[in-house]
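This report walks through one protein model.

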Amino acid sequence: MGGGGSAAHFGGMNGRQPSSNRGGVLRPRDRSGKLNWFKYSSPQTFFPLAGKLVPWFGALALAACAAGLYIRFFPAPTDAQQGEAYRIIFIHVPAAWMSMFLYLVMAFWAGLGLAFNTRLSGMMASAIAPTGALFTFLALWTGSFWESPPGHLVGVGCAADVELILLFLYFGFMALQAAIDDPRRADKAGAVLALVGVVNIPIIYFSVKWWNTLHQGASVSLTKAPTMAATMLTGMVVMAFGFWFYSIAAVLMRARCIMLERERASEWVVEYAKGPA
């Protein structure tokens with residue numbers, strides 16, 4: 001159980017279970033036969049996996065968004081008070097959900113890189129930021145079309161200025177990283193900002209309760225039954241899954257580009273650039 005066991009722990013590119021680990025050859029499975037996910041902690045091994053996952057999640061995103069839009073335009077009933085205008089919630093609400101969730105995921109990856117000094121963590125955080133900013137802008141933009149933003153009807157909303165702070169946090173994270181030439185230092189500086197900004201997420205979520213004199217109460221809650229039609233809720237959830245699948249595909253594509261840029265001097269990138277023999 002010497003150095004060979006350690007090498008087997010981190011895994012490699014070969015998909016077969018080895019009978020031994022002589023010579024320190026990296027394998028994706030340990031001696032018990034279980035797939036070892038630690039092998040994907042390096043850009044070299046994560047890059048081909050991301051390339052395989054992108055088309056799958058892209059197809060899932062297309063299917064889910066198409067289903068969500070179908071529910072939006074056809075089965076979903078017309079709201080008795082707000083008419084057809086309420087249908088914007090099928091875009092606004094999932095976008096608001098994703099804007100907050102992606103920030104938490106970005107902060108998680110950034111904090112992981114700050115704590116363990118892993119290269120892949122910083123790359124993933126950098127790849128998530130533009131997609132998170134996109135959904136935050138989409139939530140603000142669609143909410144502006146309605147006098148009473150639909151996000152406030154479903155427990156995800158807040159005052160527009162609080163959501164705007166989240167957008168500025170995304171922009172600040174990207175700007176700070178772009179201002180520092182050394183990628184590792186940029187990752188650390190961005191991680192500190194991302195972790196500090198996490199405090200904004202619960203403020204956004206609970207603002208609908210804190211300032212309920214200004215905005216209507218929540219129609220969807222984690223602790224209470226929804227007060228909206230089941231078709232409306234189903235459509236929003238389906239669209240949320242579509243946005244989530246899209247986010248995964250977009251982030252993985254962007255992460256691959258970042259890996260190629262940062263690891264361009266590595267042997268595996270040089271070989272990849274040469275293309276198939």
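## A serine in helix α4

Ser121 lies in helix α4. Helices here are DSSP runs of H or I with at least four residues, strands are runs of E with at least two, and both are numbered from the N terminus. Ser121 is buried, with a relative accessible area of 4%. Buried means under 20% relative accessible area, exposed means over 50%, and partly exposed is in between (1.4 Å probe, protein chains only).

The side chains of Ser121 and Thr118 are joined by a polar contact of 2.5 Å. Such a contact is a pair of N or O atoms within 3.5 Å; within protein, one must be able to donate a hydrogen and the other to accept it, and residues adjacent in sequence count only if both atoms are side-chain atoms. Leaving out residues up to four places away in sequence, Ser121 touches Trp109, Leu112 and Gly113. Contact means heavy atoms within 4.5 Å.

## Basis of the model

The model is predicted: local features need pLDDT of at least 70, side-chain atom pairs count only at pLDDT 80 or more, and totals for chains, interfaces and linings use all residues. Residues are numbered from 1 along each chain as its sequence is written, and side-chain values use heavy atoms, with hydrogens and water left out.

## Overall build

The protein has nine helices and zero strands. From the N terminus on, its elements run α-α-α-α-α-α-α-α-α. Of the contacts with a separation of 6 or more, 70% are between residues 24 or more positions apart.

Buried residues make up 44% of the 277 residues. The accessible surface comes to about 14,800 Å², and carbon and sulfur atoms hold 66% of that. Accessible areas come from the Shrake-Rupley method with a 1.4 Å probe; for residues, only the protein chains shown count as cover.

## The nonpolar cores

What size is the largest nonpolar core, and which residues have the most contacts inside it? The core has 54 residues, and Phe46, Tyr103, Met106, Tyr170, Phe243 and Met259 have the most contacts inside it. Two or more residues come from each of α2, α3, α4, α5 (160-179), α6, α7 (200-210), α8 and α9. The largest share, 12 residues, comes from α4. A second, separate core has six residues, including Ala76, Ile89, Val93 and Met232. A nonpolar core is a set of buried Ala, Val, Leu, Ile, Met, Phe, Trp, Tyr and Cys residues joined through side-chain atoms within 4.5 Å.

Met106 gives a view of the packing. Not counting residues up to four places away in sequence, Met106 touches Ala125, Ile128, Ala129, Tyr170, Phe173 and Ala194.

## Salt bridges

How many salt bridges are there? The count comes to three, with a salt bridge taken as a side-chain nitrogen of Lys or Arg within 4 Å of a carboxyl oxygen of Asp or Glu.

Glu263 pairs with Arg119, the closest N and O atoms being 2.8 Å apart. Glu263 lies in the loop between α8 (230-262) and α9 (267-274) and Arg119 in helix α4 (residues 119-143), so this pair ties together parts 144 residues apart in sequence. Glu263 is buried at 8% relative accessibility, whereas Arg119 is partly exposed at 34%. Asp187 and Arg262 meet at 2.7 Å, N to O. Asp187 sits in helix α6 (residues 183-197) and Arg262 in helix α8, so the link spans 75 residues of sequence. Asp187 is buried at 12%; Arg262 is partly exposed at 26%.

The side chains of Lys274 and Glu271 also meet, at 3.8 Å, N to O. These two are three residues apart in helix α9, about one helical turn. Lys274 is exposed at 59%, and Glu271 is partly exposed at 44%.

## Surface and loops

Leu69, Tyr70, Phe73 and Phe74 make a nonpolar surface patch of about 460 Å². Patches are made of residues with over 30% relative accessible area and no salt bridge: like charges are joined within 9 Å, nonpolar side chains (Val, Leu, Ile, Met, Phe, Trp, Tyr) within 5 Å. Phe74 lies in the loop between α2 (43-73) and α3 (89-116). Phe74 is exposed, at 58% relative accessibility.

Asn117 lies in the loop between α3 and α4. Its phi is near 55 degrees, a positive value in a residue other than glycine. Asn117 is partly exposed at 45% relative accessibility.
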